[in-house]
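Here is a short walk through one protein model. Keep the viewer open while reading.

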Amino acid sequence: MTGNPESTDHDLFDLSGKVAWVTGAGKGLGRAIAAALYGAGATLVLTSRTEADLRRLDAELDTGTTHRCDSIAGSVDTAGFADRTVDRILDTHGRLDVLINCAGISPSFTRSEKLSDEVWQQVLRVNLDGAFYCARAAGAAMLEQHGGSIVNVTSVHASAGFDRIAAYAASKGGLEALTKTLAVEWADRGVRVNALAPGYFRTDLSSGLIDSNWGQRIIDATPAGRVGYPRELGGAAVFLAADASSFMTGTTLTVDGGWLAR
């Protein structure tokens with residue numbers, strides 16, 4: 001939060017005038033979070049590996065007279081991508097207030113003893129290395145302006161084990177540890193860093209697993225008795241991005257239908 005924390009003369013969930021960068025915005029949870037931030041008034045910078053997905057989302061969101069979406073295709077683990085993106089954001093908008101680190105992959109559902117070096121390294125490179133690169137670049141800009149909010153999208157599997165997702169779970173556990181460290185380093189300079197941990201939501205990434213023989217096991221482990229819909233994560237992301245959470249940093253907000261409550 002960059003204003004007076006005691007002020008009550010504004011909507012604590014209003015993101016009007018704030019610039020938010022959402023990685024992994026082309027599909028799934030990133031797409032839903034981008035729509036929620038846009039609905040709260042934010043100007044968006046959307047990044048994803050697939051330009052066509054970004055164009056579709058941009059067209060769906062930016063239907064008014066005021067253009068509030070920019071799209072940049074690229075992968076967060078590509079050398080220099082995060083730094084170039086932040087430079088472009090600052091050149092275009094003059095500031096960066098929010099980063100939602102949502103880009104992630106989980107290309108393999110494999111027992112650990114059969115997990116290849118290549119897949120392990122690929123998942124860690126995108127989910128953890130890429131998230132760090134983006135947080136580092138965004139954090140530097142936010143420190144200069146003495147305020148900002150970074151939200152790292154992790155997973156319930158940062159805390160709870162599950163079969164055949166060793167690389168994914170390790171990457172998300174590492175991201176939660178990184179969240180705490182960055183929060184401690186940057187809190188006294190006005191930059192908040194929190195994690196948002198989803199349970200199982202129906203997305204392109206998870207639908208194959210949910211629709212397989214594992215689907216009933218997932219539902220049985222969820223007290224709500226179902227998986228989530230991507231739009232159900234948007235409010236939590238807006239909360240962590242906005243002044244409503246101005247005294248929160250270094251914590252994980254879980255949205256999982258009760259998965260971790262068991």
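Predicted model: local features only at pLDDT ≥ 70, side-chain atom pairs only at ≥ 80, totals over all residues.

Start inside. The largest nonpolar core has 36 residues. W21, L96, L99 and I150 have the most contacts within this core. Several elements each supply at least two of its residues: strand 1 (19-23), helix 3 (81-93), helix 4 (117-145), helix 5 (166-186) and strand 6 (191-198). Helix 4 gives the largest share, 13 residues. In soluble globular proteins, nonpolar side chains tend to be buried together.

Now pick L96. Leaving out residues up to four places away in sequence, L96 touches V19, W21, V86, I89, L90, A138, M142, Q145 and G147.

Next come the loops. V156 sits in the loop between strand 5 (148-153) and helix 5. Is V156 buried or exposed? Its relative accessible area is 1%, so V156 counts as buried. Beyond four places in sequence, V156 touches A197, P198, G199, T254, D256, W259 and L260. T66 is 90 residues from V156 in sequence, and their C-alpha atoms are 37 Å apart.

R164 is also found in the loop between strand 5 and helix 5. Its phi is near 70 degrees, a positive value in a residue other than glycine. R164 is partly exposed, at 26% relative accessibility.

H146 belongs to the loop between helix 4 and strand 5. H146 is not a glycine, yet its phi is positive, about 65 degrees. With a relative accessible area of 58%, H146 is exposed, because the cut-off for exposed is over 50%.

Terms used: Residues numbered from 1 in each chain as written. Heavy atoms only, no water. Core = buried A, V, L, I, M, F, W, Y, C linked by side-chain atoms within 4.5 Å. Buried < 20%, exposed > 50% of the residue type's maximum accessible area, 1.4 Å probe, protein only. Helix = DSSP H or I, 4+ residues; strand = E, 2+ residues; numbered from the N terminus. Contact = heavy atoms within 4.5 Å.
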